[in-house]
Amino acid sequence: MKFEKHFPTDPLKPYIQYYVVSENESASEYKVFPSSGMVMGFQYQGQLASLAGHQENKLSSAGISGISDGYKIFKNSANIGTILVYFSETGFRHFATHPAHELFNLSLSLEDIFDSQSVREVEERLSMDSSDHNRIRTVEHFLLSQLKDIDQDKLIIEAVKLIYQSKGTIRIQELNKKLGISASPFEKRFRQLVGTSAKKFASIIRFNSVLDSLHESKSLTEICYENHFFDQAHFIKDFKQFTGDTPENFKRFS
């Protein structure tokens, strides 16, 4: 199995966190937990499907997943190869006209978002590329061709920064006060740009802070209160929504 991280060229650094080249010789099922930004994927070989209950839904070889407030289960075929593009929290709007919140909890074909001919050209080039370097260059060429000359929303970028600084525990009312903006226009801008409400985004950041803490030698009670949960029941309920498992089981088997 291969899972290698690569970083974007300078013009894309404000909008793309990193790329991953992922390959797996074996067919497998796996969970994906909520992340803070959208993820674009190109299968240059093999097939990916999403699982919901007993239903298997084959995904397009070029697709994008919006921010999610729960875990998802995927199934890959044997000998799969994928280039993943991890957008920054506010990066997606610089490539597409779709408001980011319209992709919340969804995995769509890239042809639903971008010109279908352009997407097919990328897929064709990727199928002929013989190295990771060339595949990433092909994907970057596509991204640069879609990059729009628009200003970054500094207020929302600052909001994201403040949420991270608090590890997702800041109250939205306090956030509005610090930014000097009322709730309604802030919420609209945040959802369109980031892909979900500020409150849900903060809960994802808090969840990822909890995940990091589980790898440390801390008790679950310590982790619960450090991350500002009111009680253990609330902590367990939130954790199960994001992972499908209890914190105790997750810590034991991870």
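User: In which loop of this model does His228 lie?
Analyst: In this predicted model, His228 is found in the loop between α7 (220-226) and α8.

User: What makes Thr169 and Arg206 contacts of His228?
Analyst: Heavy atoms count as being in contact when they are within 4.5 Å, and once the neighbours within four places in sequence are left aside, His228 is in contact with Thr169 and Arg206. For Asn79, what is given is a separation between C-alpha atoms: those of His228 and Asn79, which are 149 residues apart along the chain, are separated by 43 Å.

User: Why are α6 and α8 called roughly perpendicular to each other?
Analyst: The axes of helix α6 (residues 198-214) and helix α8 (residues 232-243) cross at roughly 95° and come within 11 Å. The term covers angles of 65 to 115 degrees, and α6 and α8 are therefore roughly perpendicular to each other. On the side of α6, the contact is made by Ser203, Ile204, Arg206, Phe207, Val210, Leu211 and Leu214, and on the side of α8 by His234, Phe235, Asp238, Phe239, Phe242 and Thr243. Sorted by class, the residues in this contact of α6 with α8 are 8 nonpolar, 3 polar and 2 charged.

User: Why are α3 and α4 called oblique?
Analyst: Helix α3 (residues 154-165) packs with helix α4 (residues 172-179) at an angle of about 135°, and their axes are 11 Å apart. Roughly antiparallel would need an angle over 145 degrees and roughly perpendicular one of 65 to 115, the rest being oblique, and therefore α3 and α4 are described as oblique to each other. The crossing in which α3 passes α4 is right-handed.

User: Which residues of α3 and α4 meet?
Analyst: From α3, Leu155, Glu158, Ala159, Leu162 and Ile163 meet Leu175, Lys178 and Leu179 in α4. In terms of class, this contact has 6 nonpolar, no polar and 2 charged residues.

User: What makes β1 and β10 edge strands?
Analyst: The sheet in question is open, has 6 strands in the order β1-β2-β9-β4-β7-β10, and is paired in the antiparallel sense. Strands β1 (2-6) and β10 (107-109) are its edges, since each pairs on one side only. From one strand to the next, the twist averages 20°.

User: How many bridges join β1 and β2?
Analyst: At least two bridges are needed for two strands to pair, and β1 pairs with strand β2 (residues 16-24) over 5 bridges, in the antiparallel sense. Within this pairing, Lys5 stands opposite Val20 in β2. Helix α2 (residues 132-146) packs on the sheet, where it touches β1, β2, β4 (39-45) and β9 (80-87), and its direction makes about 135° with that of β2.

User: Why is one side of β3 and of β6 left without a neighbour in the sheet?
Analyst: These strands belong to an open sheet of 4 strands with antiparallel pairing, in the order β3-β8-β5-β6. β3 (28-32) and β6 (55-58) stand at its edges with a single partner strand each, so one side of each has no neighbour in the sheet. Inside this order, strand β5 (residues 48-52) pairs with strand β8 (residues 72-76) over 4 bridges in the antiparallel sense, and Ala49 stands opposite Lys75 in β8.

User: What makes the aromatic pair of Tyr15 and Phe95 edge-to-face?
Analyst: The structure holds 17 aromatic pairs. In the one formed by Tyr15 and Phe95, the rings are 5.9 Å apart centre to centre, with 85° between the planes.

Definitions and conventions:
Residues numbered from 1 in each chain as written. Predicted model: local features only at pLDDT ≥ 70, side-chain atom pairs only at ≥ 80, totals over all residues. Heavy atoms only, no water. Axes fitted to C-alpha atoms, helices over the stretch in contact; angles between N-to-C directions. Helix = DSSP H or I, 4+ residues; strand = E, 2+ residues; numbered from the N terminus. Parallel < 35°, antiparallel > 145°, perpendicular 65-115°, else oblique. Left-handed = near helix turned anticlockwise from the far one by under 90°. Nonpolar A, V, L, I, M, F, W, Y, C, P; charged D, E, K, R; others polar. Phe/Tyr/Trp six-rings, centres within 6.5 Å; stacked < 30°, edge-to-face > 60°.
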